[in-house]
Structures are given as C-alpha cells and as structure tokens.
Amino acid sequence: MTADLLVLLIVIVTALAFDFTNGFHDTANAMATSIATGALRPRVAVAVSAVLNLIGAFLSVAVAATVAKGIVRLDAVQGEALLTIVFAGLVGGILWNLLTWLFGLPSSSSHALFGGLIGATIAALGWGGVIWAHGADGVLTKIVLPALLAPIVAALVSAIGTWGIYRITRSSDPDKVNEGFRWGQIGSASLVSLAHGTNDAQKTMGVIFLALVAHGTLNKNDEMPLWVMAACAVAIAAGTYLGGWRIIRTLGKGLVEIDSPQGLAAESSSAAIILTSAHFGLPLSTTQTATGSILGTGLGKGAEVRWSVMGRMAVAWLLTLPLAGVVGAVCWAIAHTIGGLPGVLVVFALLIVLSVLMYLRSRRDPVHTGNVNEWPGGAAGADTPDAAAELAKDTAAAAPVAGDGRHEVTADGSAPPAGSFPTESNTSDSRSAQV
C-alpha cells in the first residue's frame with residue numbers, strides 16, 4: 001500500500017467519522033419536539049430517524065455537488081496538497097461538533113465542516129483559494145446567505161402556523177387536540193428526518209468526492225459513486241441512532257416548553273424549508289432551521305422563551321465558522337510542517353486523543369433517555385444548572401422538616417433524602433456507638 005493511498009483511506013475514515021458525529025449532533029433537529037411532547041419514546045424516535053436518514057441520503061446529490069465543487073478552487077490545488085486540506089477541514093469540523101455537543105449547544109454541523117474546509121484552504125492557498133462568490137455559486141451565496149435567512153424564515157413560518165393551529169382548535173377539547181397532534185408529530189418528525197438525510201449526508205459525500213478527485217481516482221465531472229453514497233448513509237444513520245441526548249434536551253426542553261400542536265408546526269416548517277433547500281442544492285444548516293422553527297412556536301403561542309438559552313445558541317452559531325476554520329488551519333499547519341503521511345498521522349492521533357477526552361468529560365454529567373426531558377431547574381427562568389441549584393435551595397429552605405422543625409440542605413442545594421436528618425434517638429445511638 002502506497003503512502004498516498006493510506007492518506008486517502010485516513011481521509012475517508014475521518015469523513016465518515018464526521019458524518020457519524022453529524023448524525024448524533026443533529027438528531028435533535030428532527031426528534032427533540034416529539035420526544036419532549038411524548039409523541040414518541042426516545043429510543044423509538046432515534047430508531048425511526050436513523051432509518052429515514054438512511055433512505056434520505058439516496059434521494060439527491062445536489063448538495064453534495066455544491067460541497068465538492070463550490071468551496072475550494074480545484075484548479076489551484078490537487079494531489080496530496082488537496083487531500084491534506086480536506087483532512088484538516090474534517091478534523092476542524094469533528095472537534096467543533098464534539099465540543100458543542102459536550103455543552104449541549106445545537107450548533108451547525110454543516111458550518112463546522114465548511115468552516116474547517118475554508119480555514120484549511122486559506123492556510124494552504126490564501127484567500128484566493130476559496131470560491132467566495134462566482135455568479136450563483138460560492139461561499140457567500142450558497143452558505144452565508146442561507147445561514148442568515150434560514151432561522152428567520154423558519155421562525156416566521158412556524159409562528160404563523162402555530163398561531164393558526166391554536167386559533168382553529170381554541171374551542172376544542174385540549175386533551176383530544178394534544179392526542180391528535182401527537183399522532184401528527186410522528187409524520188412530521190419523520191419528514192424532517194428524511195429531509196435531514198437528503199441534506200446533511202450529502203455534505204460528507206461531497207468531501208469524499210473531493211478526496212477521490214485529489215487522489216486521481218475521479219475527476220471533478222464524474223458522477224457520485226454508489227459506494228460513497230451508501231457509506232455516508234450508513235454512517236449518518238448510525239450516529240443518529242446513537243442519539244445526541246444532550247442537544248435533544250436543549251432543543252426539546254431548554255428553549256420553549258412545547259406542546260404537541262407546537263411540535264407539529266415546528267417540524268412541518270423545518271421539513272418544508274430543508275427539502276426546498278436540498279432541491280436547489282443549498283447546504284442549509286438543519287440545526288438553525290429547526291431552532292428557528294421551535295423559537296417560532298413559542299412566539300406564535302405567546303409562550304415564554306428562555307432567551308438566555310437562545311443567546312448561547314446564537315453565540316455558538318456566530319463562532320462556528322471562524323473557530324472551526326481556525327482549528328482547520330492549525331491542523332493543516334501541523335500536517336504540512338511535519339509533511340506527508342507522518343503529518344497526517346500526527347493530526348489523526350490528536351483528533352483521537354481530544355475526542356476521547358471530551359467523551360470522558362461528558363461522563364461526569366451524563367444525559368440519557370431517562371433524563372432527556374428534565375431541563376435543569378424545571379421552572380421558568382431556571383435555565384442553567386446554577387439557577388437550578390438556587391431554586392433547590394429556596395425550595396428546601398421553605399419546606400419544614402418533620403420531627404425537629406429544622407431546615408437543612410445538602411452541599412449541592414437539594415434536600416437530603418427522607419430519613420437522613422438526625423433525630424434525637426439516632427443521634428443518641430450514634431454517640432453511644434462512638435463511645
């Protein structure tokens with residue numbers, strides 16, 4: 001096996017790893033509202049989403065063509081140099097995905113990938129190596145403009161839809177309305193999953209296509225190989241089934257308290273916008289679209305929105321492209337400085353080490369199917385763990401304890417388990433035991 005072929009294989013494996021992180025990072029876009037309202041059980045939801053992502057990946061290659069041919073000037077670089085750029089960009093995208101997942105922030109996997117590729121390209125070729133604008137193509141037209149418009153349009157459509165739903169059903173039995181809309185959510189959430197596969201799996205297909213062109217296996221006018229489509233479909237479906245529970249909790253419970261009618265409105269809006277963008281080859285951020293839709297349901301119903309959570313999301317959106325670009329540029333610099341296969345291997349090793357460290361850090365505060373619908377603090381306004389602790393302290397201080405009338409809390413601000421306060425009898429027993 002030659003060094004060039006080994007580098008190509010590493011790039012393909014890294015691309016599929018990114019596709020996997022894309023799957024579990026973006027599961028929330030389709031299923032967070034259905035899980036939050038109880039329309040689907042968590043494991044059933046991610047299983048349905050995984051299957052539909054798999055199917056959606058085969059429906060179109062328009063987005064893949066944009067990624068493969070609309071970011072890097074292929075006539076300015078080729079061979080090992082292009083492979084190194086693609087590899088560094090993928091590493092930047094993966095690390096940003098994992099970091100935002102660790103903090104439960106629904107940032108854009110698409111922009112993480114594009115940011116990594118753009119940063120690596122600028123580091124390698126300068127600003128002229130990126131196709132910023134070329135007629136209807138280029139980064140500004142195909143990536144930046146949709147990023148600005150998608151959440152706004154999604155919020156507007158979802159708000160109007162939510163307002164209309166509640167106007168139409170205002171005289172109906174609320175229990176029957178919620179039950180009916182839960183069934184409707186199964187269909188709308190499934191449509192979002194299908195749309196996500198159609199849009200997001202293709203981005204990785206485009207990256208692998210770039211790598212194959214760099215290696216000389218394909219030229220830029222060839223069709224997308226079926227094995228590339230199948231590999232990307234399986235990778236994103238596997239990641240989706242894993243379930244990004246931290247982000248599902250943020251979208252389902254952290255931004256707005258969602259009822260079934262709102263969930264249907266949000267999912268329908270997201271699906272319509274994502275499918276439209278896929279048809280026109282726009283690599284839209286499904287995360288920003290889904291978040292905008294969920295925000296719109298809160299505005300349409302007049303429900304309380306946790307704006308501090310929305311603010312943290314917005315900051316993550318603004319930082320995604322530049323910071324993933326910085327990581328991509330740094331990774332390219334390391335690989336280029338060391339040179340050849342050794343440079344790629346060093347960066348690959350760094351990727352593995354940092355990924356493992358972030359996974360281990362996440363185990364300190366696990367989010368899973370058992371607590372995915374429990375937002376820290378619960379009450380409105382308590383939208384952070386710190387606020388939850390303060391709320392617990394206030395609650396414990398206000399609650400009298402049977403037996404001696406004292407009020408005690410544990411170190412983390414929560415009330416101790418029943419029976420844990422010392423009574424006169426057990427205090428005497430413990431003193432006797434000590435003697």
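This is a predicted model: local features need pLDDT of at least 70, side-chain atom pairs count only at pLDDT 80 or more; totals for chains, interfaces and linings use all residues.
**Exercise 1.** Find the cavities of 30 Å³ or more, and describe the lining of the largest cavity by helix and by class.

*Solution.* Step 1: the structure has one cavity of 30 Å³ or more. Step 2: the volume of the largest cavity is about 40 Å³. Step 3: its lining residues include Ala28, Asn29, Glu267 and Ile294. Step 4: at least two lining residues come from each of helix H1 (3-37), helix H10 (260-279) and helix H11 (286-301). H1 supplies the largest share, four residues. Step 5: sorted by class, the lining has five nonpolar, four polar and one charged residues.

**Exercise 2.** Count the aromatic pairs in the whole structure, and classify the pairs that involve Phe24.

*Solution.* Step 1: the search of the whole structure gives three aromatic pairs. Step 2: Phe20 and Phe24 have ring centres 5.9 Å apart and 70 degrees between the planes, an edge-to-face pair. Step 3: both residues lie in helix H1, four residues apart, which means a separation of about one helical turn. Step 4: Phe20 is partly exposed at 30% relative accessibility, whereas Phe24 is buried at 6%. Step 5: between Phe24 and Trp101 the centres are 5.8 Å apart and the planes stand at 75 degrees; planes over 60 degrees apart count as edge-to-face, so this pair is edge-to-face. Step 6: this pair joins distant parts of the chain, with Phe24 in helix H1 and Trp101 in helix H4 (residues 79-102), 77 residues apart. Trp101 is buried, at 11% relative accessibility. Step 7: ring pairs connect Phe20, Phe24 and Trp101 as a cluster.

**Exercise 3.** Identify the rings over which Arg43 and Arg246 lie, with the distance to each ring centre.

*Solution.* Step 1: Arg43 places its charged end over the ring of Tyr241, 5.4 Å from the ring centre. Step 2: Arg246 lies over the face of Trp101, 5.7 Å from the ring centre. Trp101 also belongs to the cluster with Phe20 and Phe24.

Key: Residues are numbered from 1 along each chain as its sequence is written. Side-chain values use heavy atoms; hydrogens and water are left out. On a 1 Å grid over the protein atoms alone, a cavity is a set of points where a 1.4 Å probe fits but cannot get out, and a pocket is an open set with protein on both sides within 12 Å along at least five of seven lines; lining residues have an atom within 4 Å of a point. Grid points are joined across faces, edges and corners, and a volume is the space filled by probe spheres set on the points. Ala, Val, Leu, Ile, Met, Phe, Trp, Tyr, Cys and Pro count as nonpolar, Asp, Glu, Lys and Arg as charged, and the others, Gly among them, as polar. Rings of Phe, Tyr and Trp (its six-membered ring) pair if their centres lie within 6.5 Å; planes under 30 degrees apart count as stacked, over 60 as edge-to-face and the rest as tilted. Buried means under 20% relative accessible area, exposed over 50%, partly exposed in between (1.4 Å probe, protein chains only). A charge sits over a ring if NZ of Lys or CZ of Arg is within 6 Å of the ring centre and within 35 degrees of the ring normal.
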